[in-house]
Structures are given as C-alpha cells and as structure tokens.
Amino acid sequence: DVRRITEVCPLPLVVDVDTGFGASAFNVARTTRSMIAAGAAAMQIEDQAGAKRCGHRPNKEVVTLPEMVDRIKAAVDAGTDPHFVIIARTDALASEGRQSALDRLSACVEAGADIAFPEAVHDLEGFRDFARALPAPILANITEFGQTPLLTVQELAAAQVGMVLYPLSAFRAMNRAAQRTYEAIRRDGTQRGVLDQMQTRMELYESIGYFAYEERLDALYADKAA
C-alpha cells in the first residue's frame, strides 16, 4: 500500500507502523527498511504493548522505557536513507502521567528519533510543556472525538508544535457520505437524491489526470494508424 501511494503522489508520506509490526528489534529494523524501500518519507512508532488499543481509548498498556528506546535504536540503525524521519510516539500520558511521557520522549530523541509525538494531550498547555522540554519538533494528533481538543494550526504553532496530524478527518467524512448514499439507495431505490453531494465524472477525471491519459492513448493509436 505504501508503494501504491508513493508511486503516484509526490508529497511526503508518513506511515504509522504501530509498535513496529513485530515483537523484536529485528522486526522493527525490517519494517524500517521496508518503509524506506517503498518510498515513505517518515514513520511513526509507539510504545504500546503488542496487542495495542486506539490511542484515545482507555486501558492502554505501554512497554517499559528501555524496550521503547530499543525500538527507536533499531529503527535508527536500520536506516539506509539519511533523510528518512523517525517519529517516536508515547501513549504513557494516559496511564503514567506527563512526566513519564516526557521522560520517554526525551530518551527516544536521545536515541535518534527526529520528532516527538505525545499522544492524547488534553490541552494546549500540555503541548507547550512538551515543546519547551524537548529538543525535537513536537507532533500533535488532532483527531476528532478523542481526548485532544480541536486546536487550530495557529494555536498549535504558538505553542511551538511543529507538525499536525489529521489522520481520520477525510476518512470519517467519506464514511458518512457513503452511509448516506447507500441509505438513500435503499430507501428510494435510486441515487438521484444524492447526486448533488457527489463528485461528478468530469471532476473525477480532471483530478486524476484521466484526460491526459486519453490524449496519450489517442496519439499512440494515431501513430500506429499512420
């Protein structure tokens, strides 16, 4: 899936690799090499235990600080691209408190992580505290319906946050749109009532460059006919 995205999109891609896709440093190293080979620009790796939960749900379990540091070291050591960015995420804020989360991120940055990601921060002052204490850029996860308020980019920038994620915003909107569309078809027996909510065929083709593809196809067959 990573390669399918990087082959068609020039924007830098950040991949969430959860706990590293395996229980050992060898798995983390393999994951890192795979991400680089597939063209990802960065990956985020966290300190939850293997059977992980959503970062904005209760009862999360985190591994020990040394184990998380080992994950970061394994990722750093496996790096074959000096521009590849490693993002260290901690979920310890919910279960162990702010100081533990800060200690973990500090150790991860010291081990080579490029960006610090405290998950489920409850307020702007919390982000400001992490930014003051850590020598690496801070990432804020502004996901809807979670533990973190929907702070604006301007507010986060003023708190010295360097990067903002909106991981599910479009996904949630698409899910709701799909739900409404199929409800309309089931109810009305047709999609006519929701056409005004859809991207038109021409808009879709324009967005994916389909017309340029057809022009190249026409030119190819014109040359063969000649």
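How many bridges join strand β3 to β4? The answer is 4, and the two strands run parallel.

## Basis of the report

This is a predicted model, in which local features need pLDDT of at least 70, side-chain atom pairs count only at pLDDT 80 or more, and totals for chains, interfaces and linings use all residues. Residues are numbered from 1 along each chain as its sequence is written, and side-chain values use heavy atoms, with hydrogens and water left out.

## Paired strands

Strand β3 covers residues 85-90, and its partner β4 covers residues 115-118. Strands are DSSP runs of E with at least two residues, helices are runs of H or I with at least four residues, and both are numbered from the N terminus. Two strands pair if DSSP finds at least two bridges between them. Within this pair, T90 stands opposite P118 of β4.

In a regular strand the side chains alternate between the two faces of the sheet. In β4, I115 and F117 point one way, while A116 and P118 point the other way. All of these residues are buried, a term for under 20% relative accessible area with a 1.4 Å probe and protein chains only.

Strand β5 (residues 138-141) is joined to β6 (residues 161-165) by 4 bridges, and these strands also run parallel. A140 has V164 in β6 as its bridge partner. I138 and A140 point one way from β5, L139 and N141 point the other way, and all are buried.

## A buried aspartate

D47 lies in the loop between β2 (42-46) and α3 (65-78). This residue is buried, with a relative accessible area of 0%. The side chain of D47 reaches the backbone nitrogen of D91 at 2.8 Å.

Leaving aside neighbours within four places in sequence, D47 is in contact (heavy atoms within 4.5 Å) with several residues, including E61, M68, R89, T90, D91 and R104.

## A glycine in a helix

G126 belongs to helix α6 (residues 124-133) and is buried, with a relative accessible area of 0%. Not counting residues up to four places away in sequence, G126 touches R98 and V121. The C-alpha atoms of G126 and H83 are separated by 29 Å, and these residues are 43 apart along the chain.

Terms used. Buried < 20%, exposed > 50% of the residue type's maximum accessible area, 1.4 Å probe, protein only. Polar contact = N/O pair within 3.5 Å; in protein donor to acceptor, adjacent residues only side chain to side chain.
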